[in-house]
Amino acid sequence: ARSFGDKIQLFHLYVFLLHILLLTVYQYNSSSGKNWEPPPPTNFYPRDCSAAYQRGRRQNGLYVIRPKGGPFLVVYCDMETDGGGWTVLQRNTHNSYLTWSASWTTYQYGFGNLMDDYWFGSEYIHIITNAKHAFYKAKFLLKNNNKIYEANYYTFNVADESTNYTLRLGSYSGNATDALTSHSKFGIHDNMMFSTKDRDNDKSDKNCADNRGGWWYNNCESALLNTDSNIKWSTYQDC
Ligand SMILES: [Ca+2]
């Protein structure tokens, strides 16, 4: 039986700011490798990349997962970064071919190419991060030329659509500055609802997402990763 104490799932949101964005999910199991038993058929598919990692999978690439109570999903797993087992939720390179200014439903179910740039889908991120007894850590990897900065949040959670996919973040660690939960003149992103060009849920008089990508805007942003240009993370600005 799965118990709260010995199973901790970490969600990593990698942000390669400025040049590459990569969001990843990681699951940590303190008893990994011990007393392993084959899962029953209904659990044949891992619920995330960290579960796949625990089953001995070590190759970066595409995997089929099935979050508890959720649909089958194809995800990109990063099995190398920071211990491996990360589910990548977003990636945005400097010269992304994607149009990030997309509709609510497009963001809801994701877009792009899992081997390249993409948004995994607000609904799917919600489903993964809201599994019972699961805690996820988000790692934003921000790559600027050859330097990589990171911002980690433990915990990371996206609530359901009735809350407009409100972002919930725990404590910050890293060297990229805390652009999501520390206050700036634009406000914090923690506890903000998701907005898109056709759904204004932000704190601004206008729609922050007008002609821009979907994001957990406040008034408007200290960080913005879903964008065609000017990927932004606090003071790191891609111009
Ligand atoms: Ca507004």
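Figure 1. Asparagine 191 is placed in the loop between strand 11 and strand 12, where strands (E, at least two residues) and helices (H or I, at least four) are DSSP runs numbered from the N terminus. The model is predicted: local features require pLDDT of at least 70 and side-chain atom pairs count only at pLDDT 80 or more, whereas totals for chains, interfaces and linings use all residues. Residue numbers start from 1 along each chain as its sequence is written. The phi angle of asparagine 191 is near 70 degrees, a positive value in a residue other than glycine. Threonine 177 is located in the loop between strand 11 and strand 12, and its phi, near 75 degrees, is likewise positive in a non-glycine residue. Most residues other than glycine have a negative phi. A residue is termed buried if 20 or more other C-beta atoms, placed from the backbone, lie within 10 Å of its own, exposed if 12 or fewer do, and partly exposed in between. Asparagine 191 is partly exposed, with 15 other C-beta atoms within 10 Å; threonine 177 counts as partly exposed with 18 C-beta neighbours inside 10 Å.

**Figure 2. Surroundings of threonine 196.** Threonine 196 is found in the loop between strand 11 and strand 12. Because threonine 196 has 26 C-beta neighbours inside 10 Å, it counts as buried. Contacts are defined by C-beta atoms, placed from the backbone, that lie within 7 Å of each other. Beyond its neighbours within four places in sequence, threonine 196 contacts Ala102, Ser103, Trp104, Tyr107, Ala209 and Gly214. A distance of 7.8 Å separates the C-alpha atoms of threonine 196 and arginine 212, which are 16 residues apart along the chain.

**Figure 3. Cis peptide bonds.** The peptide bond from tyrosine 154 to threonine 155 is cis, with omega near 25 degrees; threonine 155 belongs to strand 10. A cis peptide bond also joins asparagine 219 and cysteine 220, with omega about -10 degrees. Cysteine 220 lies in the loop between strand 11 and strand 12.

Figure 4. Strand 9 and strand 10 are joined antiparallel over eight bridges, and phenylalanine 140 stands opposite alanine 151 in strand 10.

Figure 5. Five of the six residues of strand 4 are buried. Strand 3 (residues 61-65) runs antiparallel to strand 4 and is joined to it by five bridges, with valine 64 opposite valine 74. Strand 4 also pairs antiparallel with strand 5 over three bridges; here cysteine 77 stands opposite threonine 87. A nonpolar core is a set of buried Ala, Val, Leu, Ile, Met, Phe, Trp, Tyr and Cys residues joined through C-beta atoms within 7 Å. In the largest such core, of 52 residues, Cys49, Val75 and Cys77 touch the most other members. Strand 10 contributes the most to this core, with five residues.

**Figure 6. The enclosed helix 3.** Six of the eight residues of helix 3 (residues 122-129) are buried, so this helix is largely enclosed by the rest of the structure. The cover over its buried residues includes strand 4 (73-78), strand 5 (86-88), helix 2 (104-109) and strand 10 (147-158).

Methods: Contact = placed C-beta atoms within 7 Å. Pairing = 2+ DSSP bridges.
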